[in-house]
Amino acid sequence: MMTHNRYGSKFSVEVWGASHTPEMGVQIYGIPRGIELSEADFEADIARRRSGAKGTTARRESDIPTIVSGVSEGKTTGEVVEIVFRNSDTRSSDYSEFEHHPRPSHVDFVARAKYGNDIDLRGSGQFSGRMTLLLVAAGVVAKKVVGGLSYTTRIVEIGGSRNEAEFADIVAAAAKDGDSVGGVVECRASGVKVGLGEPFFDSVESVMSHLLFSIPAVKGVEFGSGFEGVRLRGSERNDCFIDSEGHTATNNEGGINGGITNGNDVVVRVAIKPTPSISCEQQTYDFERGEVAPLQIKGRHDACIVLRAAVVVEAVVAIALAELTLASRLSSLD
């Protein structure tokens with residue numbers, strides 16, 4: 001199978017492996033030398049993604065990172081940094097039926113149509129949310145490359161509700177029914193300097209959205225006031241300047257004007273769909289039988305992947321800002 005699993009030109013991230021392979025890893029290019037980095041630096045963000053809470057998958061992996069290159073005596077060398085994780089808690093037999101009876105709203109059908117029947121889709125293969133562990137690891141490195149920034153990331157909606165007090169009950173009700181719910185994650189990056197990004201194809205929104213849509217189950221991205229903002233008049237939505245540093249009274253633009261950061265917080269929200277792997281019965285086409293037939297999905301799946309996705313969104317925002325920052329530093333040297 002030939003897939004393109006590399007992003008970026010200045011801060012470049014390449015992932016390899018799959019959900020049920022013995023190992024999987026990420027290679028990160030463009031990291032300056034002399035940055036302090038150790039396996040312990042990854043634990044806090046990896047813990048935020050780890051399963052175990054109600055509504056998350058029963059699959060338990062240790063998620064212990066091993067830095068195999070690019071670091072010597074606790075500091076980056078300027079060479080490619082490679083981080084490897086082992087997979088151990090796998091149940092590949094849970095996925096055999098999907099070869100002929102593909103899951104609705106999942107990758108089973110299109111992956112085989114594009115890459116052939118030999119593609120490894122155990123645990124959803126390279127398309128699995130398991131691969132987001134590698135994005136989190138790359139995000140940890142990105143945060144170190146671009147120091148001085150802070151991130152505030154939170155779940156702002158689950159199952160149509162914006163009342164955080166209702167989130168747990170909504171997820172529990174879906175799980176009890178063998179169903180799932182989606183939601184929205186908001187990430188706010190503070191301390192971003194003025195001038196990152198370019199007009200058109202390398203705008204901050206273009207670069208960041210490209211990466212955010214690489215997260216499995218992401219179906220929408222908005223900046224600042226987003227879709228709500230289009231319901232306002234210009235006089236209501238415009239961000240008026242309040243000082244000589246460019247700070248604004250409101251932040252409906254999400255910290256970006258004309259594709260370029262303006263020094264205010266970069267604010268992005270990401271819509272994540274309900275997990276398509278659900279255990280309640282669905283009527284969908286069985287290619288072996290040649291007819292629509294009932295499908296009941298077995299295995300261990302999240303009732304609400306939003307619960308573990310917040311840190312992934314934050315990591316991707318950090319990766320995008322690292323790419324944009326390194327590009328800005330290089331252009332200033334021209």
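Leaving aside neighbours within four places in sequence, which residues is I83 in contact with? They are M24, G25, V26, I28, F42, P65, T66, I67, A137 and V141, where contact means heavy atoms within 4.5 Å. This is a predicted model, so local features need pLDDT of at least 70 and side-chain atom pairs count only at pLDDT 80 or more, while totals for chains, interfaces and linings use all residues. Residues are numbered from 1 along each chain as its sequence is written, and side-chain values use heavy atoms, with hydrogens and water left out.

**The chain overall**
- The chain has 8 helices and 15 strands, taken as DSSP runs (H or I, at least four residues, for helices; E, at least two, for strands) and numbered from the N terminus.
- Of its 334 residues, 49% are buried, meaning under 20% relative accessible area with a 1.4 Å probe, protein chains only.
- Take the contacts between residues at least 6 apart in sequence: 72% of them join residues at least 24 apart.

- β1 (residues 6-7) pairs antiparallel with β2 (residues 12-17) over 2 bridges; pairing takes at least two DSSP bridges.
- R6 has E14 of β2 as its bridge partner, and G8, in the hairpin of β1 and β2, takes a positive phi near 90°.
- β2 also runs antiparallel to β3 (residues 23-29), joined by 6 bridges, with G17 opposite M24.
- The hairpin of β2 and β3 has 5 residues between the strands.

Terms used:
Buried means under 20% relative accessible area, exposed over 50%, partly exposed in between (1.4 Å probe, protein chains only).
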